[in-house]
Amino acid sequence: METPPVSTTGEKDTSQPQQQWEKNLRENLDSVTQIRQQPRDPPTETLELGVNPDPASQILENTQGTEKLVAELEGDSHKSHGSTSQMPEALQASDLWYCPDGSFVKKIIIRGHGLDKPKLGSCCRVQALGFPFGSGPPEGWTELTMGVGPWREETWGELIEKCLESMCQGEEAELQLPGHSGPPVRLTLASFTQGRDSWELETSEKEALAREERARGTELFRAGNTEGAARCYGRALRLLLTLPPPGPPERTVLHANLAACQLLLGQPQLAAQSCDRVLEREPGHLKALYRRGVAQAALGNLEKATADLKKVLAIDPKNRAAQEELGKVVIQGKKQDAGLAQGLRKMFG
């Protein structure tokens, strides 16, 4: 599976004093900081889906990324990126939107109309400018269908889709991306057709869409596009996780496939969590045991890695991959022990 632009409701009022803008922004940032400081619950079944394997999202795993964006917004808020008539009025709490996974901060330049936002199946007429990834959406106005099409597999695709889900018709916004020092990305949503929320889909529709995403993910994985494959597996899981427990058996395969992608993408913590989901349903799942063992070894948890790899060999004694990985873990453990012994000798010698 995987109209010309609508005119805006009016011009922005530029008469607000700079001091009022700064006060409003700081109040908004204080509320965000309070939310961030609240204790978080342990990872849930959707945790691994929140990590995006695209380059833009990997940058955002730095916890200081959003704070840096806030400083950038505060520093250049007085600059105009268009005609005077399009300058934003004093920012309110609703003018800044923080993507839940931290991949960008959206600043509304021109507010849209109404309360409706694009949903699954909505055909959106958009214009995107300033993408830093070397390639972006086609120049000029283009039509993108939410939840459908190969455009979502592009580096910029998931970022745009997340932003469109938060936009109203006629809205124009700037996206601040951590690590991107150039001008902000500008995204305009001229219009969109009616779509559906995921909860409005029948069970059979969700399962069919998930199968298409899984098949596409497998194609991308075999072609060497690990990032695109991970996004497909993640989208399939998000669809199936909305179904009543225990859910379809495809969830087990999807979590195992996602773990393989996460290992290749250098995300052992997430890979271990994906394997946990598999082993909760199938304790003897060989691939999940092996992949969790590899992930634990990468994290330095050698005892856990040894236990998982020995379980694999107990079920399949001729498993060459598990044998080789266990040998590496044993060598790594000896090096750790030798280093510890040397440190103790220096301390007490």
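Mentor: In this predicted model, β1 and strand β2 (residues 105-110) are joined by three bridges. The two run antiparallel. L96 stands opposite K107 in β2.

Now widen the view. This pair belongs to an open sheet of six strands. The order is β1-β2-β5-β6-β3-β4, and the pairing is antiparallel. β1 (96-98) and β4 (142-145) are the edge strands. Each has a single partner strand, so one side of each is left without a neighbour in the sheet. Neighbouring strands are turned against each other by 35 degrees on average, direction ignored.

Next, what packs on the sheet. Helix α4 (residues 157-164) does. Helix α4 touches β1, β2, β3 (123-129), β4, β5 (172-176) and β6 (185-192). The direction of α4 makes about 55 degrees with that of β6.

For a helix-on-helix contact, turn to α9 (residues 286-298) and α10 (residues 302-315). Their axes lie 8 Å apart, at an angle of about 155 degrees. Angles over 145 degrees count as roughly antiparallel, so α9 is roughly antiparallel to α10. The crossing of α9 and α10 is left-handed. From α9, the contact uses L286, L289, Y290, R292, G293, Q296 and A297. From α10 come L302, K304, A305, D308, L309, K311, V312 and I315. By class, this contact of α9 with α10 has nine nonpolar, two polar and four charged residues.

Key: Residues are numbered from 1 along each chain as its sequence is written. This is a predicted model: local features need pLDDT of at least 70, side-chain atom pairs count only at pLDDT 80 or more; totals for chains, interfaces and linings use all residues. Side-chain values use heavy atoms; hydrogens and water are left out. Axes are lines fitted to C-alpha atoms, for helices over the stretch in contact, and angles run from 0 to 180 degrees between N-to-C directions. Helices (H or I, at least four residues) and strands (E, at least two) are DSSP runs, numbered from the N terminus. Angles under 35 degrees count as roughly parallel, over 145 as roughly antiparallel, 65 to 115 as roughly perpendicular and the rest as oblique. A crossing is left-handed if the near helix is turned anticlockwise from the far one by less than a right angle, and right-handed if clockwise. Contact means heavy atoms within 4.5 Å. Ala, Val, Leu, Ile, Met, Phe, Trp, Tyr, Cys and Pro count as nonpolar, Asp, Glu, Lys and Arg as charged, and the others, Gly among them, as polar. Two strands pair if DSSP finds at least two bridges between them.
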